[in-house]
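Reader: I am new to this structure and would like to know what stands behind the words used for it. Please show it first, then take the terms one at a time.

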Amino acid sequence: MLEVKNLSVWYGATEVLRDVSFSVAKGQVIALMGGNGAGKSTTLNALSGLLKPKSGSILFEDHDVCGRSPHEIVLLGLAQVPQGRYCWPTMTVRENLELGAITRNDKQGIASDFEDTLTIFPVLKQRLNSRAGTLSGGQQQMVAISRALMARPRLLLMDEPSHGLSPKVVEEVIQAVRILQERGLTILLVEQNVGVAASLASSAHVLRNGEIVLSAPGKDLLDNPELLKSYLGR
Ligand SMILES: Nc1ncnc2c1ncn2[C@@H]1O[C@H](COP(=O)(O)OP(=O)(O)OP(=O)(O)O)[C@@H](O)[C@H]1O
Ligand SMILES: [Mg+2]
């Protein structure tokens, strides 16, 4: 479904991603790991069109999306949950979700996805008219995920959804990702939490200094938390 080949991204004169290659098959949850500054968000931002790669190719289904605009990429079915539970804090939860569907005009589909999203995160039902900024960190993460789902993606990019949340809330986020997984959504999950990655992903790639230094098919890598932690710098 997604095939990334020799992706390189530069910020000014600095190369922050070098020759990154990996693929994600339909229905898989794949983890992208690495310590702070390794290039995880840069990779996701290149895939979603927020950054223009210097070279390489990104094939999403049959489309070469490398260098296309974020708008075009969302329309093709690829949505991103940005790092830091990003919501529009002064808008209500309902408005945040509605903005997630801004690229669509199928009213009925939007309404049914809205209801559907609330079945995944029922706690948001009571908060629909609250400003997103007044919600707890965990609930804001749920709004951020819901907003991405409102674009009805076939591939979801998630940037550290567990970061900074309490263990109980992390468990709720894991449950939500499992539901999405069972529905057949394909997910590229950026995670530094080895436990979260191991409980969701079927395989993992590890980035260090902008390069993939370790990849393993199946659970091999995820079954080896000590090795992973050494690559994450802990
Ligand atoms: N706008 C920018 N301009 C210049 N350098 C940047 C910019 N954004 C990120 N970088 C640098 O690019 C490298 C990769 O950053 P990136 O945000 O992709 O890392 P990350 O793996 O997501 O880290 P974290 O776990 O902290 O989110 C880092 O060295 C970072 O300092
Ligand atoms: Mg990041």
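Author: Two strands pair if DSSP finds at least two bridges between them. Helices (H or I, at least four residues) and strands (E, at least two) are DSSP runs, numbered from the N terminus. This is a predicted model, in which local features need pLDDT of at least 70, side-chain atom pairs count only at pLDDT 80 or more, and totals for chains, interfaces and linings use all residues. Residues are numbered from 1 along each chain as its sequence is written, and chains are lettered from A and ligands numbered from 1 in the order in which they are written.

Reader: How do you know that β9 and β10 pair?

Author: Five bridges join β9 (residues 203-208) to β10, and these strands run antiparallel. Pairing asks for at least two bridges, so the two strands pair. Within this pair, L207 stands opposite I212 of β10.

Reader: What makes β6 and β10 edge strands?

Author: The open sheet has six strands in the order β6-β7-β8-β3-β9-β10, with mixed pairing. Its edge strands, β6 (78-81) and β10 (211-216), each pair on one side only. From one strand to the next the twist averages 20°. Angles run from 0 to 180 degrees between N-to-C directions, the axes being lines fitted to C-alpha atoms, for helices over the stretch in contact.

Reader: Which strands of this sheet does α1 touch?

Author: Helix α1 packs on the sheet and touches β3 (29-33), β6, β7 (155-159), β8 (186-190) and β9, with its direction at about 150° to that of β7. Contact here is between residues whose C-beta atoms, placed from the backbone, lie within 7 Å. Helix α8 (residues 225-232) also packs on the sheet, where it touches β3, β9 and β10.

Reader: Which strands does α1 lie across?

Author: α1 lies across β1, β2 and β4 (55-60), at about 70° to β2. A four-stranded open sheet has the order β2-β1-β4-β5, with antiparallel pairing.

Reader: Why is α1 called largely enclosed?

Author: A residue is buried if 20 or more other C-beta atoms lie within 10 Å of its own, exposed if 12 or fewer, and partly exposed in between, with C-beta atoms placed from the backbone. Eight of the eight residues of α1 (residues 40-47) are buried, so the helix is largely enclosed by the rest of the structure. Among them are K40, S41 and T42.

Reader: Which residues are around ligand 1?

Author: They are Y11, V16, G34, N36, G37, A38, G39, K40, S41, T42 and Q83. A residue is near a molecule if its C-beta atom, placed from the backbone, lies within 6 Å of it. The largest share of this shell, three residues, comes from α1.

Reader: Is R152 buried or exposed?

Author: R152 has 20 C-beta neighbours inside 10 Å, and the cut-off for buried is 20 or more, so R152 counts as buried. R152 lies in the loop between α5 and β7 and has a positive phi of about 50° although it is not a glycine.

How values were computed:
Contact = placed C-beta atoms within 7 Å.
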